[in-house]
Amino acid sequence: MRADDKNRKFSGLSKVQLKALKRILPLDALLLTPQEKLIYGSDAGGRFAMPWAVVRPQTVDQVQRIMHWAEQERIPIIPRARATNVVSACVPHMGGIVMSCLKMNRILSVDQRDFTAHVQPGVITYELQQAVRGKNLFYPPDPASLRVCTIGGNISTNAGGMHAVKYGVTGDYVLGLEVVLPGGELIRTGGRVHKNVVGYDLTSLLVGAEGTLGVIVGAWLKLLPLPSFSATILACFAEEAQAIAAVDKIFAAGMLPAAFEFMPAEVLSCLSGYTKMPWPESAGAALIIQVDGTEAKVEQDISFVSSQLAHALHLENARQNEQEHIWELRRLINPASFRLGPDKCSDDVCVPRSRILEAVEGIRGIACEYSLPVLVFGHVGDGNLHVNFMYDGSIKGMKNQVSRCRRETLRLVLELDGSISGEHGVGLSKKPFLTSQPGPGVLRLMRGIKKVFDPHNILNPGML
Ligand SMILES: Cc1cc2nc3c(=O)[nH]c(=O)nc-3n(C[C@H](O)[C@H](O)[C@H](O)COP(=O)(O)OP(=O)(O)OC[C@H]3O[C@@H](n4cnc5c(N)ncnc54)[C@H](O)[C@@H]3O)c2cc1C
């Protein structure tokens with residue numbers, strides 16, 4: 001059977017193909033029973049499709065041999081790491097073999113003079129952060145899932161996090177990649193150097209490709225000096241507009257906080273029913289601002305930020321290990337949100353910072369038309385807003401209602417010159433919206449690029 005067969009999603013591997021696979025890999029690197037394969041059929045996006053088989057290579061050579069064979073046989077390969085992506089980007093929806101990259105999980109080197117790390121794709125993001133921290137170095141990308149997700153998954157989704165406003169996203173730290181292409185060829189893009197402008201920037205092309213262009217088997221990452229001190233400021237205001245005005249004021253004064261979070265009225269009210277809040281009930285919005293650097297600089301920044309927030313209803317700051325209780329409030333939004341409904345439809349849109357208030361008010365208006373509770377909050381520093389519509393999926397017609405509401409929301413975001421995804425990516429979940437963003441011309445070029453890398457469409461087919 002071939003990947004371009006119309007009916008391939010109903011197919012599996014033939015006996016001959018199974019035999020060939022067993023020759024390529026040791027038996028313990030193969031999962032073939034339905035029980036073993038089950039969990040590899042879904043990810044945090046919630047869709048499911050049973051893989052034909054699961055392979056767990058440990059070496060680059062094994063990846064090359066699988067990719068060579070899979071191309072000859074036209075068998076789809078779906079790269080996968082910890083499956084925390086929330087857009088169904090590694091579900092084998094057209095059938096095929098899931099390739100788990102988790103056994104390639106070594107930090108190969110950390111260079112204190114070059115400020116680089118060379119890692120395999122299955123390294124857990126948090127473990128890399130801890131390993132380099134021990135050498136006084138800093139790997140900044142910090143998706144909220146960092147204790148579980150991997151560098152390979154982060155690169156393939158260009159994951160961002162709380163500190164993106166100051167430090168950027170995963171792609172800003174990828175200096176070079178080792179990638180196995182369909183057919184089995186191993187290529188290297190970029191490398192250990194911090195600057196590199198020879199030819200097309202294929203490293204950037206592979207970042208965020210959601211496993212559609214090649215299997216990442218190694219990465220050179222840029223590191224920074226570890227900031228020695230940090231502090232967090234929590235401020236709440238009577239009105240949202242005051243909070244947003246404070247954001248503008250802080251940036252206009254030339255300050256770049258390490259993290260800058262925004263929680264409007266609905267979020268505060270949802271939290272107040274869940275935990276004890278440190279502000280008056282009348283609060284209309286809150287900001288969480290983190291600053292980092294040397295101790296002296298941080299103290300200076302705290303004084304400056306506090307002076308800009310003199311009109312806040314509540315203002316507090318916390319240093320070093322004492323910051324946790326403030327960040328805990330931010331983390332509690334997720335569990336607290338389920339007070340509003342047992343199911344969640346979650347998006348991660350991005351708008352120009354100047355249009356955040358318009359976006360929040362517009363999304364609120366759309367949700368109101370559909371009688372759906374909504375929580376809009378997030379990384380105000382870079383305009384990246386999380387939009388959570390809460391609902392009860394067991395009510396007849398509700399899922400359709402949510403999907404219409406979501407469609408209108410994404411349309412509004414595009415009208416505001418925004419992006420339908422700031423960090424989670426496309427996967428199957430946002431694929432239907434690709435004709436609106438990036439649009440037909442860019443899509444045509446993207447299809448052409450896919451053909452160059454993967455002429456027989458075996459790698460994560462049907463994605464992007
Ligand atoms: C609670 C929670 C919080 C989250 N918070 C954030 C957040 O703050 N910011 C954010 O950006 N995201 C966040 N996410 C989404 C998710 O964690 C990220 O998308 C993450 O980068 C996925 O990493 P993973 O290791 O789980 O990869 P997977 O989900 O397994 O894979 C992601 C994509 O990468 C591809 N892939 C995986 N490994 C390879 C490889 N070696 N070569 C080629 N392609 C590969 C897969 O095919 C898939 O398309 C969150 C998710 C959850 C559940």
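Author: Let us begin with domains: their bounds come from an automatic or database domain assignment. Under that assignment the protein chain is divided into domain 1 (8-103), domain 2 (107-225), domain 3 (229-334) and domain 4 (340-425). The C-alpha centres of domain 1 and domain 3 lie 45 Å apart. This is a predicted model, in which local features need pLDDT of at least 70, side-chain atom pairs count only at pLDDT 80 or more, and totals for chains, interfaces and linings use all residues. Residues are numbered from 1 along each chain as its sequence is written.

Reader: How do you know whether the radius of gyration of the protein chain agrees with that of a compact globule?

Author: The radius of gyration is taken over C-alpha atoms, and the globule rule is 2.2 Å times the number of residues to the power 0.38. For 464 residues the rule gives a value near 23 Å, and the protein chain has 23 Å, so the two agree. Along the principal axes, the C-alpha atoms fill a box of roughly 70 × 60 × 40 Å.

Reader: How many helices and strands are there in the protein chain?

Author: There are 15 helices and 18 strands. Helices (H or I, at least four residues) and strands (E, at least two) are DSSP runs, numbered from the N terminus.

Reader: What makes Ser-88 buried or exposed?

Author: A residue is buried if 20 or more other C-beta atoms lie within 10 Å of its own, exposed if 12 or fewer, and partly exposed in between, with C-beta atoms placed from the backbone. Ser-88 has 24 other C-beta atoms within 10 Å and is therefore buried. Ser-88 belongs to the loop between strand 3 and strand 4, and its phi is near 60°, a positive value in a residue other than glycine. Glu-210 has 21 other C-beta atoms within 10 Å, so this residue is buried. Its place is the loop between helix 7 (202-206) and strand 10, and its phi is positive, about 50°, although Glu-210 is not a glycine. In the protein chain, buried residues make up 46% of the 464 residues.

Reader: Why is strand 8 described as largely enclosed by the rest of the structure?

Author: Strand 8 (residues 174-180) has seven residues, and seven of the seven are buried, so the strand is largely enclosed.

Reader: What makes strand 5 and strand 9 edge strands?

Author: The five strands of their open sheet have the order 5-6-10-8-9, with antiparallel pairing. Strand 5 (107-111) and strand 9 each pair on one side only, and they are the edge strands.

Reader: What makes a set of residues a nonpolar core?

Author: A nonpolar core is a set of buried Ala, Val, Leu, Ile, Met, Phe, Trp, Tyr and Cys residues joined through C-beta atoms within 7 Å. The largest such core has 66 residues, and those with the most contacts inside it are Ala-235, Ala-243, Ala-286, Leu-287 and Phe-389. Apart from it lies another core of 59 residues, including Val-63, Ile-75, Val-98 and Val-174.

Reader: Which residues are in contact with Ala-243, leaving aside its neighbours within four places in sequence?

Author: Two residues are in contact if their C-beta atoms, placed from the backbone, lie within 7 Å. Ala-243 is in contact with Phe-237, Phe-262, Ala-285, Ala-286 and Leu-287, leaving those neighbours aside.

Technical notes
Two strands pair if DSSP finds at least two bridges between them.
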